Amino acid sequence: MIPTDIIRILARSPHFGGIATDVLHGISMHAVLQPMAPGELIAPRLQPSEAVWLIGDGRVEVRRLQGYQGKRLEVPVSILRPGMLFGHMELLSEQPRTATWVAASPGTLLRFDRKQFERLVADPRQAGSAFRRALILSLGSQLQAVNHRLGEFVRDTDQEVASRREVLRRALEGVASDGQD
Amino acid sequence: MQVLQRLLSLPLVAGVSEPDLDALLQVAPPVAVDAETLLMNAGDVGDDIVLVLDGGFAVELGEGSATLPLAFVGPGEILGEAALFRRGAARSARVRAVQPSVVLRLDAGVLDHLARQGNGVPRAIEEAVMRTMARRIHDSVQAIDGVLASALDTEEPKGALQRLRELFRR
């Protein structure tokens, strides 16, 4: 492990940007670098959560199981980019993953294993506080996006269903789809 | 003293010392809220959170016949958490008091002030905010996916909104 590489990745993330280097160093001690190759399964859906990841470079595809006319398939619903966190929602809510994450390009992830993650979350020192605030910023954006989506759904249920149906129809026909969740 | 005892009974701040909770009340005194008061509205700008000590609040999306009740939030729970530490962020849901209530309003300034004094409240609140948001995101995503899957399978979007309401009512 090279802490300076980890600190550089943390500093580039919008969630950790602006945090003093010595505090980032405290956070970096809890993470390891994890290279990824295109198509590599990072974590499958429905499995218990065991880690949180921050994307250093590269892209990660999010896939969800959806159905259409009696068929079930995992459909890409969004792409995660450098600086984004994933896995924290499942660990904090203590729920199994609802999505599958697959590497969409070569890249590097920062991985916080469950034990290290819980240690940081409970840490009363500056590293813990900075880490909690980074997670709160990330979750706040996610919650706002989910509420926005719910609002759209409530305003126009038919349109939402029609648009999702089109994404699924194209996926079933083998047409690449890259819709946003 | 009564408010302090109420705070001490909340699992959210379990493990925080009595002097630390007393210090919280010095910088964030309890506020009474009348029933039917609109505490937050979707689109409002504000980065404070509300800790409910007594009473209850309805969290809702949409208007009129398209209203979707997302949650009932009671004593020991947090409201407005999506905007914490995000200065200038807009509220994403409406929050209405459904009974006379008592709350504490906290913002980043209050939490920073307490953290500088080594007070245990900020850590407890931050952890509760994270877990609350994670649970709400998970529940909402599950609800949307479930309703969409059912509507897509049956080729029948009618009733999807009703199903969504039923899921959030549980």
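**View 1. B:Arg105 and B:Asp48 meet through their side chains in a salt bridge.** In this predicted model, the N to O distance of the pair is 2.9 Å. A salt bridge here is a side-chain nitrogen of Lys or Arg within 4 Å of a carboxyl oxygen of Asp or Glu. The two partners link distant parts of the chain: B:Arg105 belongs to strand 6 of chain B, B:Asp48 to the loop between strand 2 and strand 3 (49-61) of chain B, and 57 residues separate them. Helices (H or I, at least four residues) and strands (E, at least two) are DSSP runs, numbered from the N terminus. B:Asp48 is buried, with a relative accessible area of 17%, whereas B:Arg105 is partly exposed at 34%. Buried means under 20% relative accessible area, exposed over 50%, and partly exposed in between (1.4 Å probe, protein chains only).

A word on conventions before the next view: residues are numbered from 1 along each chain as its sequence is written, and chains are lettered from A and ligands numbered from 1 in the order in which they are written.

**View 2. A second salt bridge of chain B joins B:Glu36 and B:Arg96.** The closest N and O atoms of this pair are 3.4 Å apart. B:Glu36 is exposed, at 54% relative accessible area, and B:Arg96 is partly exposed, at 22%. B:Ala35 sits in the loop between strand 1 and strand 2 of chain B and counts as partly exposed at 37% relative accessibility. Which residues does B:Ala35 touch, not counting those up to four places away in sequence? They are B:Ala97, B:Val98, B:Gln99 and B:Pro100, where a contact means heavy atoms within 4.5 Å. B:Ala35 and B:Pro100 lie 65 residues apart in sequence, yet their C-alpha atoms are 4.6 Å apart in space.

**View 3. A salt bridge between A:Arg133 and B:Asp112 crosses from chain to chain.** The N to O distance is 2.8 Å. A:Arg133 lies in helix 5 (residues 126-155) of chain A, and B:Asp112 in helix 3 (residues 108-116) of chain B. A:Arg133 counts as buried at 17% relative accessibility, while B:Asp112 counts as partly exposed at 29%. Side chains of opposite charge can pair when their charged atoms come close. How many salt bridges does a search of the whole structure find over all chains? The search finds 19.

**View 4. Strand 8 of chain A pairs with strand 1 of chain A and with strand 3 of chain A.** Strands pair if DSSP finds at least two bridges between them. Strand 1 (residues 32-36) and strand 8 (residues 107-113) of chain A run in the antiparallel sense over five bridges, and A:Leu33 stands opposite A:Leu110. Strand 3 (residues 51-57) of chain A is also antiparallel to strand 8, over six bridges, with A:Asp57 opposite A:Thr108. Chain A as a whole has six helices and eight strands.

**View 5. A:Ile27 and B:Leu7 have the most contacts inside the largest nonpolar core.** This core holds 62 residues; a nonpolar core is a set of buried Ala, Val, Leu, Ile, Met, Phe, Trp, Tyr and Cys residues joined through side-chain atoms within 4.5 Å. Helix 4 (residues 121-154) of chain B gives the largest share, 10 residues. Among the residues that A:Ile27 touches, leaving aside those up to four places away in sequence, are A:Leu10, A:Phe16, A:Phe112 and A:Phe131. Another core, of 22 residues, lies apart from the largest one and includes B:Val52, B:Leu68, B:Val103 and B:Ile144.

Note on methods:
This is a predicted model: local features need pLDDT of at least 70, side-chain atom pairs count only at pLDDT 80 or more; totals for chains, interfaces and linings use all residues. Side-chain values use heavy atoms; hydrogens and water are left out.
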